Structures are given as C-alpha cells and as structure tokens.
Amino acid sequence: MFGGGSITLFHVRGIRISVDWSWFVILFVVIFMMSRFYEDLLGPSASSVTPFVLAVASAAGFFGSILLHELGHAAVATRNGIGISSIQLWIFGGMARMDREADSAGVEARVALGGPAVTALIFVVLMVAGVIGGGWHEFSHAALIETSSGASGVLAVMAWLASINLLLLAFNLLPAFPMDGGRVARAIAWKVTGDRNAATKFAADLGRVFAYLFIAGGIYMALTGAILGTIGGVWLAFVGLMINGAAKSASLQTRMNRQIGTISVADVMDREPVTIPGEISIERALDEYFLRYRWPWFPVVDAAHRFLGLLNRDAADEVPEVSRAGSTVSEIVDADRGLFVPDDTPITSLLSNQNLRRLGALMAVDAEGRLSGVITVEQVGRALRDAQAIGP
Ligand SMILES: [Zn+2]
C-alpha cells in the first residue's frame, strides 16, 4: 500500500534505519495536533514559537520511542544469532527485518517481548522523572492532554510521550498476530503443541479476529469521532486491514509449509543417475564418462552400489597421464560428508544447503549408504513451485 520510497537516515551497528514517506504523515499529524495543544496549555502569554518547538520535540520523541522499541527487538534477535538487516518506520509504526525466523518458541517469545520491554522502560523513566520534576497532579493531567493542567511545556512533552508509550505498549501486546502480542501467543502455542505450523495458524486466526474488531471499531470511530477521533478511526481501520492481510498470508504460508514438509528427497530425485564404478581406472573414467557426457562431476559407487564420493573432472585431469591407467577412481574421489543426504530428508531442509547451491545437486543415499539418486537444485525449486500452486 505504501511501498517504495524509503529514505535511509543512518546506521546503528550495521542496521540500516530508514523511514517510509508515509511516516511523514504521522509526524505532520503529531506536530499539527500537539502545537495546538501546547498553544492552549501555555496560554497567550507564551511566545508564538514555543508551542511549535514543543510539538517538534514531541514528534522527535515519538520517533525515538518507536525506534528504540524496534532496537529492543533487534538487540534480542542479534543475541540469539538472528541478523537484523534494517529497521523501517512507516505510518503503522516500525518494522525490524529479520534475516530468518526464530528456531524455537523461547527465542520467538523473547524477540517479540524485546520491543515492549523497551517501551515499558521508556514509560517508567518518563513517568518517574516527570512526577519527581513536576508533581503527580500536573504530570497526570498533562498526560491526559488537559490544557488546564498547569504543567510546564517540558513536563507536558514528557507526559504526552509517557502516555503515548503506555498506549503503544498496550496496543502492541494485544494478541493480534503479526503484532508483538500475537507473536507471543504463537510462541506459547508453539511451546504447548510443539508444532510451529499449527501455532502460526492459531495465532493468525486470532489475529484476524482482532483485525475485524479494529476495522469495525475504526469505522465506528471515523463516523462518530469517538475515542480516537475521525483520523484515528481511519488509521485503526487501516491497521486492521493490514493485520488481516499479514495474518492471512501467514496462514496460507503454514498450509504450504505443511504440504512441502511431507515431500522428501526421494519423492523428487533422479533415481537412475549415471554413476562411475570405483574400481575402474582414471583413464577409463575420463574416456567413457567425462568425454562422453561432458559433465563436471559424477557420483562414484562401489560394487554394492554404496556411495564412495564425487569424482570431479578437475581432480581426474590433474592426475599425470602416465599414472591414469594404473590408479583407480576411488583413490581420488571427494568423500566430503556434505555431498550426500539421506533420501528421506524433507526438501524444505535443503533450502539453505550450501553444497546444493554450490554444486547444483546433492547425492541421496538410503539407510544402508547405497546411492539411491541425485537431487538437483532445479528439482527442489520445481517441487516448491508445485506445492505453492496447489497451496492456496
Ligand atoms: Zn514490536
């Protein structure tokens, strides 16, 4: 909806911090609304610039609050070995982009709670400082945006930021996946059932219930001006639409994962690959295989068809011509353990396999270590695409 056009602001420990143009809508609304509030609060005696300066300070504080929230997620993620490439701020708040998903329910919950923990801390610090510096009465009334609170401008900024962080905390902790509370709900369901896909499905369904509540509530507020007002109501309805969309696609993703999860290497591999017997000479291998098929490598098997390793063209070429007839293929095979996988391996676990990417293929072996086939990167890709086609 608000794609493209993000501006990089700066980097924090290698994480790119950027804002989407839609973020400026938020800043504009905050500055516009808050400068009117500060005008009323300070009265006609104050200079005409002060309310605007306070409003800009409020907007900057709001920006800082959301950024620190996202950095809270990022810090926990990084500590658990999950890289964060960027943090983007847009009209619906912040987004920390993780390189991969959490691999356990515990990590998922901790990363999800990292942001709210920072927001809670900001709230407590602002409140304690505000109450000590200005008194509970002034602080609490300024926090409710009451112009008669008698609070100073600085105290009013602190009070507003405290209340906005409290609101942010409460809102984020609603179990509306993919918001933080929804991620915690998923982590709990994951822990209880031990099934990540089922947990995501549960959290996504719950998220969609909240999405409909936000849309209905947002439309009501937009029409009546209640609670969040007209603009706030429209915003809430859009938040609902966004959550609904994200929850829906997460739910489809789990269905696809489940289908793909049942596909193993044996289901898609080539079952009759060309193999070189380990006992033949390197000379014969070059003549009968490499010159004939022009492939860069072949799997080598022994008499019982057990996988011995890979014979690379380069390795065969490097053997001096005089000794090619006298030495066998099995003497120069690459027997790296990473070259083969059990043929009952689910193909989803091959997605990040470095050897598959480098070589373009992996050898598949059965329970007895016999070569049962070869699986190529194309076959994995095709299987994923097919599963996706039946998926939704
Ligand atoms: Zn968050």
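Let's start at one residue pair: P342 stands opposite V365 of β9. This is a predicted model, in which local features need pLDDT of at least 70 and side-chain atom pairs count only at pLDDT 80 or more, while totals for chains, interfaces and linings use all residues. Residues are numbered from 1 along each chain as its sequence is written, and side-chain values use heavy atoms, with hydrogens and water left out.

Back to that pair. Strand β9 (residues 361–365) runs parallel to β8, and three bridges join the two. Strands here are DSSP runs of E with at least two residues, helices are runs of H or I with at least four, and both are numbered from the N terminus. Two strands are said to pair if DSSP finds at least two bridges between them. β8 and β9 belong to an open sheet of three strands, ordered β8-β9-β10, with mixed pairing. The edges are taken by β8 (340–342) and β10 (371–376), each of which has a single partner strand, so one side of each has no neighbour in the sheet. On average, neighbouring strands in this sheet are turned by 35 degrees against each other, direction ignored. For such angles, axes are lines fitted to C-alpha atoms (for helices, over the stretch in contact), and values run from 0 to 180 degrees between N-to-C directions.

A second open sheet also has three strands and mixed pairing, this time in the order β5-β6-β7. Its edge strands are β5 and β7, each pairing on one side only. Between β6 and β7 the sense is antiparallel, with five bridges, and F298 sits opposite L311 of β7.

Now look at what packs on this region. Helix α10 (residues 282–293) has 12 residues, which at 1.5 Å a residue should span 16 Å, and its end C-alpha atoms are 15 Å apart, in agreement. (The expected span is 1.5 Å times one less than the number of residues.) Buried in α10 are I282, A285, L286, Y289 and F290. Down the helix axis, the buried residues of α10 fall within an arc of 125 degrees, so they line one face of the helix; the arc is that of the directions from the helix axis to the C-beta atoms. "Buried" means under 20% relative accessible area, "exposed" over 50%, and "partly exposed" in between, with a 1.4 Å probe and protein chains only. The buried residues of α10 pack against β5 (276–277), β6 (297–301) and β7 (307–312), as well as α11 (313–318) and α12 (321–324). After α10 comes R294, with a positive phi near 60 degrees.

R13 lies in the loop between β1 (6–12) and β2 (15–20) and is exposed, at 84% relative accessible area. I227 is another non-glycine with a positive phi of about 50 degrees. Its loop runs between α7 (196–224) and α8 (229–261), and I227 counts as exposed at 78% relative accessibility. The 30 residues of α2 (residues 50–79) should span 44 Å at 1.5 Å a residue, and the end C-alpha atoms, 42 Å apart, agree with that.

Strand β3 (residues 84–90) and strand β4 (residues 93–98) pair antiparallel over six bridges, with A96 in β4 as the bridge partner of I87. Next, helix α3 (residues 105–134) holds G133, which is exposed at 68% relative accessible area. G133 lies 19 residues from G114 in sequence and 29 Å from it in space, C-alpha to C-alpha.

Then there is N172, in helix α5 (residues 153–172). N172 is buried, with a relative accessible area of 16%. Apart from neighbours within four places in sequence, N172 is in contact with H69, M179, D180 and G181, contact meaning heavy atoms within 4.5 Å. The loop between α5 and α6 (180–193) contains P178, joined to F177 by a cis peptide bond with omega about 10 degrees.

Finally, the overall layout. The domain assignment gives domain 1 (1–128 + 136–141) and domain 2 (265–390), with bounds that come from an automatic or database domain assignment. Taken over C-alpha atoms, the centres of domain 1 and domain 2 are 52 Å apart.
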